[in-house]
Amino acid sequence: MFFDRLSRLLNDAFRPKPKYITVTPVSSAGPAQMLPPSKLPRHVAIIMDGNGRWAQSRGMPRSAGHAAGTEALRDIIRASDDWGIEALSLYAFSTENWSRSKEEVGALMGLLLKYFNSEIDELDAKHVKITILGDVDGMPEPQREALRNAMVRTKDNAGLKLNIAVNYGGRAELVRAAKALAAQVKDGALEPEAIDEAAFEGQLYTAGLPDVDLLIRTSGELRTSNFLPWQLVYAEMVFDDCFWPDFDRTRYLKCLRAYAERDRRFGGRNEPAEAAPAKPTQPSETET
Ligand code: IPE
Ligand code: IPE
Ligand code: MG
């Protein structure tokens, strides 16, 4: 057990970081797209949207779109791992998605179980650390078990931090954090004055992770749909018109390249070096 953990730690410490991330171009005409890892976001969040429309545009049932969507999911997780992304948060099922038809919710629950059962060995072998964002207790029993097992099994892994939002609602996450802090105040363990942004952040599902740097949403919708309201406040957003099952690592790299070109200011200003305020000059000897 000890040696197993030690060897994992050593492996993760020497996890090869690619010098440049490259994707073989779809058309042989263009050069390979390249991006230096220093320009990569630390935390990417993705709203995987458009499965239903992908299926409907092919005259297929919506469930077929969700099944096709799990293929894209595999590719994007592998790419994130290959490229050395630190954290990836994927929106798989929202608290609002329960309002869909019984058939669709059933299909999604079935796929979720199938996905975890088939992928967990490979993800664990790659040292991926899985965290579920959302109310796992509110899931049906078999899914709850699979989600909990995945978290427990991978909790000491030091590779890609993979967060899967299931039964997740952003407002519900904020209310949950407020309740946890209120309970600590009631118990006398916390002074109300001690509640600051760090204390609040510590009660979120994503406690300890960096804020989201890049949010990607597929399917052409331009909204966040109750996803990570706290963590997204300064995220760069990139929207891709394709439906989620058509999203692949080439499109993903395009989003990363768009991110790399953004000027992130966080309310301040990024002065070009030459325009930086000049140092006060020393008074000259004649100026006395
Ligand atoms: C995203 O695809 C998957 C989930 C919400 C679970 P949708 O099912 O929302 O597909 P569209 O947006 O209706 O096309
Ligand atoms: C957001 O997509 C949820 C997931 C991708 C899991 P929705 O399809 O549910 O969002 P809306 O209804 O278009 O806002
Ligand atoms: Mg949708």
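These entries record what I looked up about the two ligand sites.

Entry 1, the model. I am working from a predicted model, and I kept that in mind throughout.

I looked for the residues around ligand 1 and found 13, of which Asp 49, Gly 52, Arg 53, Arg 62 and Arg 100 come nearest. I then went through polar contacts to its oxygen atoms: a polar side-chain atom of Arg 62 lies at 2.8 Å, a polar backbone atom of Gly 52 at 2.9 Å, and a polar backbone atom of Gly 50 at 3.3 Å. The protein covers 88% of the 380 Å² of accessible area that ligand 1 has on its own. By class, I noted three nonpolar, five polar and five charged residues in this shell. Helices α2 (51-56), α3 (62-83) and α4 (102-125) each supply at least two of the shell residues, and α2 has the largest share, with three.

Entry 3, ligand 2. The shell around ligand 2 includes Ile 47, Met 48, Tyr 91, Phe 93 and Arg 217, and it divides into five nonpolar, two polar and four charged residues. Strand β4 (residues 87-94) gives the most to this shell, with three residues. Turning to side-chain contacts with oxygen atoms of ligand 2, I read 2.8 Å for a polar atom of Arg 223, 3.0 Å for an N or O atom of Asn 97 and 3.2 Å for a polar atom of Asp 49. The protein covers 77% of the 390 Å² of accessible area that ligand 2 has on its own.

Key. Residues numbered from 1 in each chain as written. Chains lettered and ligands numbered in written order. Predicted model: local features only at pLDDT ≥ 70, side-chain atom pairs only at ≥ 80, totals over all residues. Heavy atoms only, no water. Near = heavy atom within 4 Å. Polar contact = N/O pair within 3.5 Å; in protein donor to acceptor, adjacent residues only side chain to side chain. Areas by Shrake-Rupley, 256 points an atom, 1.4 Å probe, with all protein chains shown as cover. Helix = DSSP H or I, 4+ residues; strand = E, 2+ residues; numbered from the N terminus. Nonpolar A, V, L, I, M, F, W, Y, C, P; charged D, E, K, R; others polar.
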